[in-house]
Amino acid sequence: MIARADIPAPAGMLAELTHRCPLGCPYCSNPAELEKPASELDTATWKRVFSEAAAAGVLHVHLSGGEPCVRADIAELTAHCAQVGLYTNLITSGVGLTRKLFDALVDARLDHLQLSIQDAEASSADRIAGYDGAFARKSEVARWTVEAGLPLTINAVMHRANIARAARMVEMAVELGARRIEVAHTQYYGWGLVNRAALMPSREETEKAVAAVEDLRKTHEGRIVIDHVVPDYHARFPKACMSGWGRRTFNVTPSGKVLPCHAAETIPGLEFWNVRDRSVAAAWYDSPAFNAYRGDAWMKEPCRSCERKAIDFGGCRCQALALTGDACNADPICEKSPRHATVGAIASNESASGAIDYRYRRLNAKA
Ligand code: SF4
Ligand code: SF4
């Protein structure tokens, strides 16, 4: 157990204000077991949580979901965050964001808007989102954002159905006036894991897309910042998931559970504290779930003696559990993992199926 004094203060918070969302993206990072609207925290509790987060050292908050704009109090919550000194980033699909609500968010001193796009082609984008007309909403919301002088980031998740247009999606972000684009190859958690066989691209498609995006990084230098989240299943080493468990950021779910990462509930036996009965600081420093994988005492070989353990922290605990059955194992994305070959086999088997048959992410869908 790490002493409280050795635990860094949290810097960021992801507030999943609701799991309601008009879209049904098959790669959604929300858990397969979505939380019901009746369990959502009320306005006063969220405000308290934001105040406690700021007092605990949090600097920026991502107002997310689901679709955060379905909450009637989203502008009020944004204003409260500004009041307590938090930098706010609204993560939205753009669907459900009216001009009136957008203006209210600007008045509430929203700092940044992050807009998801599903594809650069309208019919494919709407099919991926499971929502007719979703694509058409994006350019309007992007225009409002740029005209209001708010920084705009485009978020584009890559998978089999759109990976051939990865470069086109970067161009689209430039045309929309975005300052930044996050090109994120699908992470196979939550609904992404449910739909893995329908989402996994081939190694060739992935390598082509990665090269095209990297080329654009050079040609568009100075015009747009390209953040490129590497494709897990085709990588040699894992990413530093959440910048390390309980080191930088935390999530609060719609019902108030404080999680070290959005998929942490898939790990059996972890005890999560809830903001309804504990403070944010107590959950961060003292809850069993946060302390379970802090530091490196929990690590097994090959991580325990690995020179990269302070760089990637052994990868993702949830992925280690999902693919090896033990959350203390090295993330098998790592080529040093004895189970690394399994990852390659899953990637080539599932990408070979070619089918695009989604189980859409819906509140009432059984995953
Ligand atoms: S990924 Fe898609 S379904 Fe999930 S919250 Fe975002 S817009 Fe909604
Ligand atoms: S062995 Fe563990 S710490 Fe080393 S690179 Fe692989 S996952 Fe990271």
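## Conventions and overall fold

Helices (H or I, at least four residues) and strands (E, at least two) are DSSP runs, numbered from the N terminus. This is a predicted model, in which local features need pLDDT of at least 70 and side-chain atom pairs count only at pLDDT 80 or more, while totals for chains, interfaces and linings use all residues. Residues are numbered from 1 along each chain as its sequence is written, and chains are lettered from A and ligands numbered from 1 in the order in which they are written.

The protein has 14 helices and nine strands. Its radius of gyration, taken over C-alpha atoms, is 20 Å, close to the 21 Å that the globule rule gives for 367 residues, so the protein is as compact as a globular protein of that length; the rule itself is 2.2 Å times the number of residues to the power 0.38. Along the principal axes, the C-alpha atoms fill a box of roughly 55 × 50 × 45 Å. Of the 367 residues, 47% count as buried, where a residue is buried if 20 or more other C-beta atoms lie within 10 Å of its own, exposed if 12 or fewer, and partly exposed in between, with C-beta atoms placed from the backbone. Among contacts between residues at least 6 apart in sequence, 73% join residues at least 24 apart; two residues are in contact if their C-beta atoms, placed from the backbone, lie within 7 Å.

## Helix packing

Two packed helices are described by the angle between their axes and the distance between the axes. Axes are lines fitted to C-alpha atoms, for helices over the stretch in contact, and angles run from 0 to 180 degrees between N-to-C directions. Angles under 35 degrees count as roughly parallel, over 145 as roughly antiparallel, 65 to 115 as roughly perpendicular and the rest as oblique.

Helix α4 (residues 122–129) packs on helix α5 (residues 134–147) at about 105°, with the axes 7 Å apart, which means that α4 is roughly perpendicular to α5. A122, A125, D126 and A129 of α4 make this contact with A134, F135 and A136 of α5. Six of these residues are nonpolar, none is polar and one is charged, on a scheme in which Ala, Val, Leu, Ile, Met, Phe, Trp, Tyr, Cys and Pro count as nonpolar, Asp, Glu, Lys and Arg as charged, and the others, Gly among them, as polar. Helices α6 (residues 166–176) and α9 (residues 203–219) pack at an angle of about 30° with axes 8 Å apart, and are therefore roughly parallel. Here A166, A167 and V170 in α6 meet A209, A212, V213 and L216 in α9, and the contact has seven nonpolar, no polar and no charged residues.

## Ligand surroundings

A residue is near a ligand if its C-beta atom, placed from the backbone, lies within 6 Å of it. Ligand 1 is surrounded by C21, L23, G24, C25, C28, N30, G65, G66, E67, S93, S116 and R361, a shell with four nonpolar, six polar and two charged residues. Within this shell, the peptide bond from G65 to G66 is cis, with omega near 10°, and G66 lies in the loop between β2 (60–64) and α2 (74–83).

Around ligand 2 there are 14 residues, of which C303, C306, R308, K309 and C334 come nearest. This shell divides into seven nonpolar, two polar and five charged residues.

## Individual residues

A129, in helix α4, counts as buried with 25 C-beta neighbours inside 10 Å. Leaving aside neighbours within four places in sequence, A129 is in contact with L23, G24, C25, Q118 and A134, and L23, G24 and C25 are also among the residues that surround ligand 1.

The loop between α11 (288–292) and α12 (309–312) holds R294, which is partly exposed with 18 C-beta neighbours inside 10 Å. Beyond its neighbours within four places in sequence, R294 is in contact with I2, I7, W245 and G246. P302 is also placed in the loop between α11 and α12, and the peptide bond from E301 to P302 is cis, with omega near 10°. M242, in the loop between β7 (225–229) and β8 (249–252), is buried with 23 C-beta neighbours inside 10 Å, and F313, in the loop between α12 and α13 (317–324), is buried with 25 other C-beta atoms within 10 Å.
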